[in-house]
Amino acid sequence: MAKERFVEIYNQGIVNVAKVIVDTETGVNYLMASHNKANGTGLTVLVDQEGKPVVTPPGKLQ
């Protein structure tokens, strides 16, 4: 079976949902958020204090 490109590593909420998704090829972390699952969804790159993308090393992903 092919490896999935994106994996969810964190999930919070039922109505107002926040998820952290990692690109398995680059390791870049994204925040996906939705408000009551009807008013739209947003996706943005997570950044550190210096404004650089948060990257999860490949060995840290299961």
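Colleague: How many bridges pair β2 and β3, and in which sense, parallel or antiparallel?
Modeller: β2 and β3 pair over seven bridges, in the antiparallel sense. Two strands pair if DSSP finds at least two bridges between them. Strands are DSSP runs of E, at least two residues, numbered from the N terminus.

Colleague: Before we go on, what kind of model is this?
Modeller: This is a predicted model: local features need pLDDT of at least 70, side-chain atom pairs count only at pLDDT 80 or more, and totals for chains, interfaces and linings use all residues. Residues are numbered from 1 along each chain as its sequence is written, and side-chain values use heavy atoms, with hydrogens and water left out.

Colleague: OK. What is the strand order in the sheet?
Modeller: The order is β1-β2-β3-β4, in an open sheet of four strands with antiparallel pairing. The edge strands are β1, residues 6–12, and β4, residues 41–45. Each of these pairs on one side only.

Colleague: How much are neighbouring strands turned against each other?
Modeller: By 25° on average, direction ignored. The axes are lines fitted to C-alpha atoms, and angles run from 0 to 180 degrees between N-to-C directions.

Colleague: What joins β3 to β4?
Modeller: Five bridges, with β3 (residues 29–35) antiparallel to β4. Ser 34 has Thr 41 in β4 as its bridge partner.

Colleague: And how many bridges join β1 to β2?
Modeller: Six, and those strands run antiparallel. Glu 8 stands opposite Ile 21 in β2. Tyr 10 stands opposite Val 20. Val 20 also stands opposite Leu 31 in β3.

Colleague: What about the turns? Which residue has a positive phi between β1 and β2?
Modeller: Gly 13, at about 95°. That hairpin has three residues between its strands. In the β2 and β3 hairpin there are five residues between the strands, and Gly 27 in the turn has a positive phi of about 80°.

Colleague: Is β2 mostly covered or exposed?
Modeller: Mostly covered: six of the eight residues in β2 (16–23) are buried. Buried means under 20% relative accessible area, exposed over 50%, partly exposed in between (1.4 Å probe, protein chains only).

Colleague: Back to Tyr 10. Why does Tyr 10 count as partly exposed?
Modeller: Because its relative accessibility is 41%. Tyr 10 sits in strand β1.

Colleague: What does Tyr 10 touch?
Modeller: Ala 18, Lys 19 and Val 20, not counting residues up to four places away in sequence. Contact means heavy atoms within 4.5 Å. Tyr 10 and Val 20 are 10 residues apart in sequence and 5.0 Å apart in space, C-alpha to C-alpha. The Tyr 10 side chain also has a polar contact of 2.6 Å with that of Gln 12.

Colleague: What counts as a polar contact?
Modeller: A pair of N or O atoms within 3.5 Å. Within protein, one must be able to donate a hydrogen and the other to accept it, and residues adjacent in sequence count only if both atoms are side-chain atoms.

Colleague: New topic. Where is Thr 56?
Modeller: In the segment after β4. Thr 56 counts as buried because its relative accessibility is 13%. A polar contact of 2.9 Å joins its side chain to that of Asn 29.
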